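This report covers a nonpolar core, a helix face and a set of charged side chains. Please have the model open while reading.

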Amino acid sequence: MQKSLIYVACGVSRMTGLIFLREVVRLLSRRLIALLAENKMTKENLAEKCGLPIETIRNIYYGKTTDPKVSTLFKIANALNVSIECLISCEIENPLRDNKKILDGIMT
C-alpha cells in the first residue's frame with residue numbers, strides 16, 4: 001500500500017496532519033495553476049503528459065482532492081519539470097511552523 005501525502009509531508013499527530021493536509025492541498029492547487037500558466041499548458045495537456053486521468057488533474061487543480069497519492073504528485077512534478085517539494089511547499093518556508101499558524105487560525 002502506498003503512503004499518502006499526509007505521512008510524507010509531516011510527521012505529526014493525525015489531527016494536526018489533517019489540518020496541515022488541507023493547507024497542502026490548497027497550496028498544491030495554487031501551485032498547479034501557476035505552473036500550468038508558466039508552462040503554457042492546459043489541464044488536458046498535463047494529464048496526457050503524466051499519463052493520469054483528466055479527472056485526477058481537475059480534482060487537484062480545483063482543490064477537491066483530499067489526499068493525493070505520492071506517485072501522482074511525482075508524475076505531475078516530473079511533467080512540469082519541478083521537484084515534488086517545490087510542487088507542494090515552495091511557498092512555505094517552514095511547513096511545521098506554518099502548520100502552527102494554520103492551527104492557531106482555525107482554533108480562534
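## Core

A nonpolar core is a set of buried Ala, Val, Leu, Ile, Met, Phe, Trp, Tyr and Cys residues joined through side-chain atoms within 4.5 Å. Buried means under 20% relative accessible area, exposed over 50%, and partly exposed in between, with a 1.4 Å probe and protein chains only. The model is predicted: local features need pLDDT of at least 70, side-chain atom pairs count only at pLDDT 80 or more, and totals for chains, interfaces and linings use all residues. Residues are numbered from 1 along each chain as its sequence is written, and side-chain values use heavy atoms, with hydrogens and water left out.

The largest nonpolar core holds 24 residues. Those with the most contacts inside it are Leu32, Leu36, Leu46, Ile76, Leu80, Val82 and Leu87. Two or more core residues come from each of the helices H2 (14-38), H3 (43-50), H4 (54-61), H5 (70-79) and H6 (84-89). Helices here are DSSP runs (H or I, at least four residues), numbered from the N terminus. Leucine 80 touches Leu32, Leu35, Leu36, Asn39, Met41 and Leu46, leaving aside neighbours within four places in sequence. Contact means heavy atoms within 4.5 Å.

## Helix H4

H4 has Ile57, Ile60 and Tyr61 as its buried residues. Seen down the axis of H4, they fall within an arc of 100°, so they line one face of the helix. The arc is that of the directions from the helix axis to the C-beta atoms. Glycine 63 follows H4, and its phi is positive, near 70°.

## Charged side chains

A salt bridge is a side-chain nitrogen of Lys or Arg within 4 Å of a carboxyl oxygen of Asp or Glu. The count comes to two. Arginine 58 pairs with glutamate 44, with the closest N and O atoms 3.6 Å apart. Arginine 58 sits in H4 and glutamate 44 in H3, so this pair ties together parts 14 residues apart in sequence. Glutamate 55 also forms a salt bridge with arginine 58, the closest N and O atoms being 3.6 Å apart. Both of these residues lie in H4, three residues apart, about one turn of the helix. Shared partners join Glu44, Glu55 and Arg58 into one network.

Leaving aside neighbours within four places in sequence, lysine 43 is in contact with Leu36, Ile54, Ile57, Arg58, Tyr61 and Tyr62.
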